[in-house]
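I opened the model and took notes as I went.

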Amino acid sequence: MIKVGVIGVGTVGASVIKILHDNAEMISARAGTQIRVTRGVVRDLGKKRDFDIPLSDNPMDVINDPDIDIVVELMGGIEEPFKIVKAALVQGKAVVTANKAMLAYHRYELQELAGNIAFEYEASVAGGIPIINALRDGLSANHIESIKGIMNGTCNYILTKMMDEGADFEPTLKEAQELGYAEADPAFDIGGFDAAHKLLILASIAYDIDAKPEDILIEGIEHVTQDDISFAKEFGYVIKLLTIAKKTGDEVELRVHAALVKKTEMIAKIDGVMNGVSVIGDMVGETLYYGPGAGGDATASAVVANIIDIARSGKRSPMLGFQTSLEKDLKLKSKDEIISKYYLRMGVEDKPGVLSAVTKMFADHNISIETMLQRPCANGNANLLFSTHEAVEKNIQGIIKELSAASYTKSTPTMIRIEA
Ligand code: NAP
Ligand code: HSE
């Protein structure tokens with residue numbers, strides 16, 4: 001029998017216990033042994049729970065229990081779980097985690113520490129979709145050309161409801177929290193950081209890029225308004241939070257941001273809490289993965305799969321899928337040099353000369369306008385909405401700075417990238 005200790009028995013942890021109980025017979029058949037959760041750790045021992053396992057509020061009770069084979073970390077956070085997981089590895093215990101924030105900062109140290117000890121983290125990216133398995137194992141014969149997708153269920157849920165139902169941001173975020181999709185601090189979701197954590201994990205497996213969140217372009221969806229949505233609809237787009245890794249020559253760009261996506265694209269049809277990831281390998285071509293990206297049962301499905309795998313095979317290494325440096329000459333592309341098409345919205349005074357001053361500024365920054373809309377609004381002002389041909393990020397940032405300072409500008413310009 002394999003004994004499991006679960007540190008953090010909240011949304012995902014409780015589902016792990018439920019799945020191991022409800023599907024016990026089938027899981028034993030697959031694992032070749034029984035799997036039992038013998039201890040759980042929570043913060044608040046006074047809270048009413050729907051499961052019946054011995055609970056403590058001290059993670060070391062699991063780490064120091066000599067009978068426990070696998071430590072499952074589902075408490076969230078960065079430094080505290082890192083200490084706990086390190087202690088588990090030092091004791092020689094296998095580890096399963098869904099904690100992408102911890103991995104975004106500490107995955108290389110953990111790979112080093114884990115050595116031959118099993119360390120699995122399938123649920124950390126795209127919830128129930130087995131994308132780690134696909135990228136690390138199924139596609140290991142390929143140079144990875146790009147990874148592009150929707151990897152945050154909370155943002156996709158909010159954006160879908162804003163697009164389809166005209167819903168407001170705040171109550172829709174609250175719904176996502178009630179459904180168990182959001183992080184303990186939902187700023188990680190809506191600010192794009194959670195998706196960035198996932199991107200960094202995938203970028204390590206695909207390219208061995210040891211970057212931190214601070215090194216890459218991360219923007220969220222907080223600034224998306226119904227004005228942007230109506231522009232998107234008018235021009236045949238939807239708005240999605242995209243997560244992108246793209247290799248060009250010896251550079252890899254990594255970015256997370258809201259994007260206008262043509263509604264005929266496959267990715268545009270991924271709605272609600274669903275996630276979708278496209279991975280292009282040099283030999284296989286494009287492969288696509290789709291499924292629920294958040295929620296207790298969907299995420300726990302991936303956690304339990306890792307537990308079964310460890311029970312079957314004992315160990316599996318290396319954690320990130322490479323033994324020696326993968327692609328030695330690859331480096332991270334500077335955020336300033338990223339090339340995209342852009343959409344810009346700004347409020348300006350509605351008076352002679354303003355439009356020509358704005359369009360001149362585009363020309364001065366070497367940005368070519370593709371479409372333009374002017375909408376009158378209250379107080380003698382107008383909303384200007386532009387889409388551009390491909391432009392360099394630093395030029396767009398330059399024009400946003402200059403437009404923000406212009407005397408005729410009445411609301412700070414908002415920018416959304418356009419991804420075909
Ligand atoms: P959650 O519902 O907030 O559960 C966290 C659990 O950890 C709770 O049981 C909490 O105790 C316990 N805990 C927190 N801090 C603790 C501490 N210092 N000592 C002891 N126990 C502590 O979170 P969740 O949604 O299950 O997420 C857990 C992890 O999975 C996170 O890393 C998250 O990013 C990741 N994840 C979540 C999802 C999802 O859809 N929810 C999907 C993929 C990955 P109490 O119950 O007493 O509060
Ligand atoms: N908060 C995350 C999301 C959970 O909404 O995608 C899944 O990683």
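Which polar backbone atom is 3.0 Å from an oxygen atom of ligand 1? I looked it up: the atom belongs to arginine 43. I count such a pair as a polar contact when the N or O atoms are within 3.5 Å; within protein, one must be able to donate a hydrogen and the other to accept it, and residues adjacent in sequence count only if both atoms are side-chain atoms.

Conventions, before I go on. This is a predicted model, with local features needing pLDDT of at least 70 and side-chain atom pairs pLDDT 80 or more, while totals for chains, interfaces and linings use all residues. Residues are numbered from 1 along each chain as its sequence is written, chains are lettered from A and ligands numbered from 1 in the order written, and side-chain values use heavy atoms, without hydrogens and water.

**Ligand 1**

I checked two further contacts. Valine 12 has a polar backbone atom 2.9 Å from an oxygen atom of ligand 1. Glutamate 183 uses a polar side-chain atom, at 2.6 Å from an oxygen atom of the ligand. On its own, ligand 1 has 900 Å² of accessible area (Shrake-Rupley, 1.4 Å probe), and the protein covers 87% of that. I then listed the shell, taking residues with a heavy atom within 4 Å. It holds 24 residues, of which Val12, Asp44, Arg49, Glu183 and Gly295 come nearest.

**Ligand 2**

I moved to the second site. The residues around ligand 2 include Lys100, Asn152, Thr154, Glu183 and Lys198. Lysine 100 places a polar side-chain atom 2.5 Å from an oxygen atom of ligand 2. A nitrogen atom of ligand 2 is 2.7 Å from a polar side-chain atom of aspartate 189. Ligand 2 exposes 250 Å² when taken alone, and the protein buries 94% of it.

**Domains**

I read the domain assignment, which is automatic or from a database. It gives domain 1 as 2–134 + 296–313, domain 2 as 143–291 and domain 3 as 335–419. I looked at domain 2 against domain 3. Their C-alpha centres lie 24 Å apart.

Glutamate 234 and arginine 375 form a salt bridge, with closest N and O atoms 2.4 Å apart.

Technical notes
A salt bridge is a side-chain nitrogen of Lys or Arg within 4 Å of a carboxyl oxygen of Asp or Glu.
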